[in-house]
Amino acid sequence: MTTSHAASVAMSWSPKECPMSSSPFQIDDARFMHLIAPSARLDELYSGCRWAEGPVWFGDLGCLLWSDIPNQRILRWSSDAMGGGAVTVFRQPSNFANGHTRDRLGRLVTCEHGGRRVTRTEVDGSITVLAESYQGKRLNSPNDVIVASDGGVWFSDPTYGILSDYEGYQAEPEQPVRGVYRLAPDGQLARVAEDFLQPNGLAFSPDERTLYIADSGASHVPDAPRHILACDQRDGRLSGRRVFATIDEGIPDGMRVDSQGNLWSSAGDGVHCFAPDGTRLGKILVPQAVANLAFGGPRRNRLFITASASLYAIYLAVSGAKTL
């Protein structure tokens with residue numbers, strides 16, 4: 001993956017173990033013991049962001065990309081043989097990029113607050129717009145994005161990027177609802193879910209028969225639910241919407257699913273892990289509020305965590321669900 005905006009000078013940063021008075025793990029259910037490495041430490045890989053978001057792992061390149069939204073940049077952490085790495089700027093300005101994923105050909109797909117659009121970065125660094133309007137009106141500010149095995153691009157469209165000039169450009173929303181969209185392989189865009197306060201993180205179960213949707217509306221409406229919804233997914237259509245889990249600290253934002261179908265969600269005090277039946281198994285306690293996460297590393301058993309100003313990582317005993 002190349003880009004004409006990439007910087008060649010690495011920013012010096014040495015990984016350091018986070019100061020924790022005890023284990024970074026909170027165990028709520030015995031099943032959690034089989035998912036964690038009790039002796040694993042939480043490492044801070046980089047600090048200096050204003051709001052770190054949207055991590056995505058590139059296994060073929062041995063690097064992680066993530067967004068620093070207010071600073072208008074996408075950063076790249078490149079791993080070394082010892083598990084550490086160097087950080088460089090992948091793109092700046094980033095158009096207030098937020099969530100990222102990869103499509104079925106390994107290309108970077110990005111939600112941009114600034115352009116109120118979803119884009120794809122081609123292998124030569126050029127940018128293709130995938131979606132920027134629906135029924136003749138601009139999208140609000142696409143936030144999180146995932147790509148299904150059929151090539152369909154699913155993304156959430158809350159209003160965070162237009163609420164102020166901090167993470168985008170302040171504007172009035174044009175879409176009457178805050179929804180979730182699916183861009184079909186044939187290019188047709190459909191709103192597949194709506195009636196959220198602020199739809200945010202998205203994740204599929206390993207068989208893609210369940211779509212998880214985080215509603216983070218409690219960020220601005222304190223008494224709002226702080227829950228993750230689950231919907232049945234068949235052929236690009238959703239049904240059976242239900243509450244899957246509730247976050248007891250902070251709000252749910254980005255999410256990922258492991259190879260056993262457990263859901264790992266961001267939260268105010270770290271990362272919360274839920275079994276497929278919705279039972280909370282435990283937490284990874286992080287010193288800063290977590291926005292998003294991604295499985296990575298050569299065996300996909302290292303969880304990368306974007307939290308406020310920093311990028312963290314911790315090794316687990318389970319790998320992420322199979323993706324590119």
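**Entry 1: the largest pocket**

I began with the largest pocket, which is lined by 27 residues, with Thr101, Val147, Ala321, Lys322 and Thr323 nearest its centre. A pocket here is an open set of points on a 1 Å grid over the protein atoms alone, with protein on both sides within 12 Å along at least five of seven lines, and lining residues have an atom within 4 Å of a point. I noted that this is a predicted model, in which local features need pLDDT of at least 70 and side-chain atom pairs count only at pLDDT 80 or more, while totals for chains, interfaces and linings use all residues. Residues are numbered from 1 along each chain as its sequence is written, and side-chain values use heavy atoms, with hydrogens and water left out.

I looked up the volume of the largest pocket and found about 590 Å³, a volume being the space filled by probe spheres set on grid points that are joined across faces, edges and corners. By class, its lining holds 15 nonpolar, six polar and six charged residues; Ala, Val, Leu, Ile, Met, Phe, Trp, Tyr, Cys and Pro count as nonpolar, Asp, Glu, Lys and Arg as charged, and the others, Gly among them, as polar. Strands that each supply at least two residues of this lining include strand 4, strand 8 (97-102) and strand 26, strands being DSSP runs of E with at least two residues, numbered from the N terminus.

**Entry 2: the second largest pocket**

For the second largest pocket I noted a volume of about 290 Å³. Of the 22 residues that line it, Trp51, Tyr160, Glu167, Ser219 and Asp253 are the closest to its centre, and by class the lining has 10 nonpolar, nine polar and three charged residues.

**Entry 3: strand 4 and its sheet**

Strand 4 is joined to strand 5 (residues 63-68) by five bridges, and tryptophan 57 has leucine 64 as its bridge partner in strand 5.

In strand 26 (residues 290-296), seven of its seven residues are buried, meaning under 20% relative accessible area with a 1.4 Å probe, protein chains only. I found six bridges pairing strand 26 with strand 27 (residues 302-307) in the antiparallel sense, and asparagine 292 has threonine 306 as its bridge partner in strand 27. Five residues lie between the strands of this hairpin, where glycine 297 takes a positive phi near 85°.

Definitions and conventions:
Two strands pair if DSSP finds at least two bridges between them. Helices (H or I, at least four residues) and strands (E, at least two) are DSSP runs, numbered from the N terminus. Buried means under 20% relative accessible area, exposed over 50%, partly exposed in between (1.4 Å probe, protein chains only). On a 1 Å grid over the protein atoms alone, a cavity is a set of points where a 1.4 Å probe fits but cannot get out, and a pocket is an open set with protein on both sides within 12 Å along at least five of seven lines; lining residues have an atom within 4 Å of a point.
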